[in-house]
Structure formats: structure tokens, C-alpha cells
Amino acid sequence: MKRRGVLRGVGASVAALSAAKAARAAGVLTDAGLPEGTRASATLEALPGKNKLVKLTYRPPNYETPVSVFRTAITANADFFVRYHLGDIPDMAALKDWKLSIGGDAAEKPLTFTLNDLKSRFPIAEVTSVCQCSGNRRGFSEPHVPGVQWGSGAMGNARWTGVRLKDVLAAAGVKAGALEVAFDGADKPVIQATPDFIKSIPLAMAQSADVLLAWNMNGVALPLLNGFPLRVVVPGWTATYWVKHLTTIDVRSKPSENFWMQKAYRVPKNMFPPELAFLTQEDANTAPITDIVVNSLIAAPAPGARVAQGGFDVQGVAWDGGSGIKSVEVSADGGKTWKAASLGQDLGRFAFRTFNLRVTGTAAGEATILARAVSQRGEAQADTLKFNPAGYHNNVPRAVSVTVA
Amino acid sequence: MKHLVGVALLVSMPAWADEASVTLKPGPGADVTAANCATCHSLDYIQINGGFMPEATWKAEVAKMRGPFGAPIEAALADEILAYLVKHYGAPAR
């Protein structure tokens with residue numbers, strides 16, 4: 001079976017490709033906490049319009065951001081992770097005549113908008129928010145669970161510009177019995193029998209001022225692979241609800257029965273109590289994943305780095321589901337002692353908050369660095385994994401081992 | 001199965017995919033696994049999940065593809081695929 005893509009450059013020899021492949025595979029995902037198969041197969045590759053990202057799967061494309069990128073609060077569009085569920089992804093030509101439709105049994109009147117309609121009819125709104133895949137860090141689950149074996153880079157933080165979903169809902173008119181607002185995008189399954197990726201949120205969430213339909217990311221149009229021309233932005237909730245290439249908004253009087261709501265993206269009920277329960281999608285034992293849990297990530301030094309005994313900086317980001325970050329502490333002795341890191345600029349309660357701690361006085365030899373964050377609402381990172389079958393919400397601090405010399 | 005692979009090439013091949021470089025471990029069942037699974041997704045989905053799933057978990061994955069995801073794979077072929085996945089990408093025997 002032969003498959004050829006544009007990245008297999010015309011004229012490039014097979015030998016050159018193999019050498020390049022070996023080079024880009026080396027040391028991409030080395031964390032021993034990841035499955036052996038993930039460490040062996042992940043490669044560093046650039047999709048069109050993107051810097052090199054860590055490729056987990058080609059089709060549908062699932063690529064995560066290298067950890068070293070997370071030294072700044074804003075993640076550049078070219079560094080932003082890519083995640084798809086279905087293999088039939090529209091290209092720019094297919095999106096040329098894109099329109100957004102809103103309707104459903106709980107909408108007063110169906111409406112259709114072009115991007116210019118949205119821009120001219122509604123007030124512009126903006127939010128800086130973390131977009132984090134529900135499965136970020138699944139690869140570190142103990143025991144491992146099936147799925148895309150993400151490391152720590154299935155996330156990013158961007159400034160999203162668009163209109164408020166609640167304003168668009170008001171234009172269509174929401175009937176008294178409305179329960180959920182469901183989103184469908186232009187990406188489709190390869191075979192018709194596979195469930196289309198449709199996600200819904202509770203009406204109360206849809207009517208909050210924070211939820212946007214965004215066309216800009218960090219001041220420019222969304223990259224194709226991050227949802228061009230319009231995506232849903234649900235600050236504080238995991239990215240499963242941030243439907244890309246949004247084409248249809250369905251205002252519903254009945255809970256969605258879609259596979260991706262009822263069977264996937266579920267957590268054990270009461271394991272991660274949300275701010276706003278998604279009652280219409282709960283069953284006897286499980287609830288939809290919603291709020292992002294408080295977390296932090298060390299972006300530097302890199303695992304295995306040699307750092308100066310005279311002093312080195314521990315840098316990274318911390319975030320939560322929308323209360324903001326209160327504090328980050330760093331340990332350079334494997335968790336025996338902790339020091340408060342200084343926090344960078346506050347870009348809002350949904351954003352990454354950078355942290356930095358200058359570490360001095362560490363003995364020569366191996367050292368284990370950890371970071372732990374506390375949110376403004378007092379939520380702290382877990383000490384031990386709250387295991388769940390899909391490997392969600394892993395916010396146990398991850399150790400970075402370095403050599404002090 | 002040739003037919004299915006042909007369809008996949010026509011309708012679902014994104015221009016940016018470099019998935020020709022992905023090859024499964026050789027052995028009986030590798031071809032049928034590649035041909036069927038690659039209809040909907042690249043074979044690195046199998047690779048990244050390699051090394052930790054016992055037979056029951058691989059069986060549930062194959063059942064998920066044939067059930068809710070609607071993969072048109074006959075039962076006998078599914079058994080062949082399962083045996084291949086367990087042998088080459090399963091958890092080591094304890």
C-alpha cells in the first residue's frame with residue numbers, strides 16, 4: 001500500500017528521507033512515563049504553516065507542542081497543538097463559501113451568517129484563554145489507557161477574538177425549553193457510519209459572556225488546523241467543546257445523544273467536581289469532562305539538562321479552569337523543600353501565568369525539580385493520580401531531572 | 001479490502017500526511033491490519049498505543065472500531081487483526 005503526501009518531497013530520495021526520519025525521531029518524547037510505543041514512534045515534524053511539533057498521529061493529525069515552548073504566557077499560532085478526531089478535514093478551498101447556520105428545535109428562527117455578517121452585526125469580544133485538550137498528559141496515566149498518548153503539550157494559550165455566543169443566540173431567539181447548545185464543524189468522518197464530531201454545552205454556559213465564536217487567534221485569522229474560519233471558545237473548559245471550522249449551532253430542547261457526548265469525554269461522577277454541573281449529560285456513574293484542573297508545567301530546564309551550580313532559572317506556566325493562579329512553588333530537591341516562584345504578567349483568569357525561580361545553592365550532581373500551583377479558588381495540584389479510564393485531568397507534578405555542575 | 005483502501009485514498013488523504021513512512025511490525029496479519037485500520041486512520045495510532053494493552057483491552061478497541069465507529073470489518077478478519085495486535089503491540093506476558 002502506497003501513500004504519498006506533499007511532505008514527501010518530489011525528488012527526495014528514500015535514503016535521505018530515512019535519515020531525516022531517524023534524526024527527527026531521536027529524543028522527541030523521552031519521558032519514561034510515556035508508553036514505550038509512543039516514545040519509539042513520535043517524531044518532530046512541521047505541518048503547513050506550523051513550526052515543528054511532536055507528531056503522535058498523522059491522520060487524523062494529532063501533534064503536540066514541544067514543552068520548551070511554554071516559557072511564555074502566549075503560545076504562538078505556529079507552535080499551537082493540533083488535534084482532530086475525524087480524518088476528513090476541509091482545506092481552505094472547501095471553506096471558501098463557509099457559512100454559519102444557527103437553528104434547532106429550541107431556536108425561534110433559523111439564521112445564517114457569513115464571517116462578515118458576524119463581524120458587522122455583533123459587538124467584538126476578546127478573551128485570553130488556555131485551550132487544553134481533555135487528554136493532555138494521558139500518556140502519563142498509571143496504568144496506561146488507550147487513546148492518543150499525549151505528553152504535556154496538548155495545550156496552548158492565545159488571545160481569541162470574535163463575538164459572544166450569547167449575542168448570536170439572542171439574534172436567533174432561544175425558546176423557553178432550551179437545554180443545550182450543540183456545535184458541529186466542517187470536519188467529517190471518513191466513513192458515514194462513524195459518528196460526526198458534535199459537542200454540546202449547557203444553555204447556562206452558552207449564555208455566559210465568556211463563551212465566544214472566534215475568528216482571530218493572537219490577532220490574526222485562525223490557522224486552518226486550529227479551526228479556520230471560526231471556532232468555539234469555551235474558556236475554562238477542556239478543548240473538546242472548542243469545535244473547529246464551526247458550521248452549525250443547534251439550540252436543543254433535548255440532550256444530545258451523540259457518541260462524543262454520551263460515550264466519550266466522560267469522567268467518573270464526583271471525581272472532579274465542576275463549577276457548573278452539566279446535569280443533562282450526566283448518567284448514573286459518569287459526567288462529561290468540563291472544567292480544567294489547576295496545573296503547572298516546567299518548560300526549562302529541559303529534562304536531562306546540565307545546569308550551573310552557581311544558579312539556574314526554573315521557568316514555566318501555571319493555569320486553571322478560570323479562577324486564576326494564586327501561587328506557584330518550586331522544589332529543586334525532589335519535593336523536600338519548596339520556594340515561592342515569582343509570577344509573570346496576569347493576562348486574565350483563563351490564561352497561562354508564567355513563573356520563574358532562580359535556584360542557587362544546589363549540590364553538584366543529580367537534582368529533581370518540581371513545580372506545584374494553587375489557584376485563586378484554593379485548588380492545589382494532586383499529590384497522587386486520580387486514575388480514570390480515559391486518563392483525564394492528570395495534574396500530579398512531573399519531575400524534571402537535571403545535572404547540576 | 002483492496003476496495004476499502006482505494007476509497008480511503010480517494011476521499012480521506014489529507015495533503016499534509018506523511019504517513020507512508022509508518023510501517024507495522026512484520027508478521028502474519030500485518031497486511032490485513034494495515035489495510036483495514038488505515039481506511040480511517042494512520043497506523044501510528046497503533047504504534048503509540050504499543051506495549052501496554054493486554055488482550056482484553058485490544059479486543060475492546062477493535063470492538064469500538066467495528067461498533068460505534070462503524071468500521072466494516074467482518075468478524076473473522078477482526079479476529080485476525082486482534083491476534084496480530086496482541087502479539088506485536090500487546091502488553092508483554094507476565
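**A strand pair and its sheet**

Reply: A:Gly365 stands opposite A:Val404 in S25(A). This is a predicted model, in which local features need pLDDT of at least 70 and side-chain atom pairs count only at pLDDT 80 or more, while totals for chains, interfaces and linings use all residues; side-chain values use heavy atoms, with hydrogens and water left out. Residues are numbered from 1 along each chain as its sequence is written, and chains are lettered from A and ligands numbered from 1 in the order in which they are written.

Strand S24 (residues 365–375) and strand S25 (residues 400–404) of chain A run antiparallel and are joined by five bridges. Strands here are DSSP runs (E, at least two residues), numbered from the N terminus, and two strands pair if DSSP finds at least two bridges between them. In general, strands of a sheet pair through backbone hydrogen bonds, either parallel or antiparallel.

Both strands belong to an open sheet of five strands in chain A, with mixed pairing and the order S18-S25-S24-S20-S21. At its edges stand strand S18 (306–307) and strand S21 (339–340) of chain A; each has a single partner strand, so one side of each is left without a neighbour in the sheet.

As for confidence, the model scores ipTM 0.92 and pTM 0.92. Chain B averages a pLDDT (the predictor's confidence in each residue, from 0 to 100) of 86, and 81% of its residues score at least 70. Over residues 1–13 of chain B the pLDDT is below 50, and this stretch has 24 contacts (heavy atoms within 4.5 Å) in the model beyond near neighbours in sequence. Where pLDDT is low, the predicted coordinates should not be read in detail.

Methods. Helices (H or I, at least four residues) and strands (E, at least two) are DSSP runs, numbered from the N terminus.
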